[in-house]
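Dear colleague,

I am passing on the structure below, together with some notes on its charged side-chain pairs. Please read the notes with the model open beside you.

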Amino acid sequence: MHKIPNIAVIRLALYAKHLEMLHNDGVELVSSVKLAKMCGANPAQIRKDLAYFGQFGVRGVGYYVNDLLNALKEVMGTNRTWRLGLFGVGNLGKALLGFEQFAQRGFIFTAAFDKDIDLVGTEVQGIEISQSEDIKEVIKGPGCFDIAVLATGADRAQDCAMRIVEAGIHAILNFTPIRLVVPENVFVENVDFTVRLHALCYSLTTGSDVTQRHPR
């Protein structure tokens, strides 16, 4: 099997997002041209990306929306529910807990952790907040989760990451500005808003589009 570029996998998530929108609108068939226009890509790129994972679509006809959507979900592993554990229940953390599209796309928060003693024991969005020191106990019960979402302050990020790793969690969505040091078998996806803001500032200053709206 050919080595699949990371960016191609990222584009698959974009294709799936728009296919889901089409499916929800009752669209059964979509051409590569229309799908490419929706995704800000081009038809050749879509065909190339999909070819890494198999043969999809009918020449001269297009793609059956539901079939392609299900195939992409299977490839990405999103054809199941994934449980999330939140670390840091500040403003960002509370916003993430309340973000309805997570649940709609199969990502369910089952646990939340914070250092604030006044928060520990209270509930946010129906989830009881625990101390990160108790993570090993929490994941033995209903609070078990597959992916950690890190939204703590920068000063606590690395410590929380190590607790997460020690508890046996192998995936972290990192909203902190810290580049985490973790074992090779732990996957980290960094989400840094300031980096994208800097890219926007550069585009505004120079007139050169370096935004991610055209993921080629």
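Predicted model: local features only at pLDDT ≥ 70, side-chain atom pairs only at ≥ 80, totals over all residues.

Residues are numbered from 1 along each chain as its sequence is written, and side-chain values use heavy atoms, with hydrogens and water left out.

The structure holds seven salt bridges (a side-chain nitrogen of Lys or Arg within 4 Å of a carboxyl oxygen of Asp or Glu). One of them joins the side chains of Arg11 and Asp49, at 2.6 Å from N to O; Arg11 belongs to helix 1 (residues 6–24) and Asp49 to helix 3 (residues 43–51), so that the pair links parts of the chain 38 residues apart, helices being DSSP runs of H or I with at least four residues and strands runs of E with at least two, numbered from the N terminus. Both Arg11 and Asp49 are buried (under 20% relative accessible area, with exposed meaning over 50% and partly exposed in between, for a 1.4 Å probe and protein chains only).

A second pair is formed by Asp146 and Arg83, whose closest N and O atoms are 3.0 Å apart. Because Asp146 sits in the loop between helix 7 (135–138) and strand 7 (147–150) and Arg83 in strand 3 (residues 82–87), this pair ties together parts 63 residues apart in sequence. Arg83 counts as partly exposed, at 32% relative accessibility.

With kind regards
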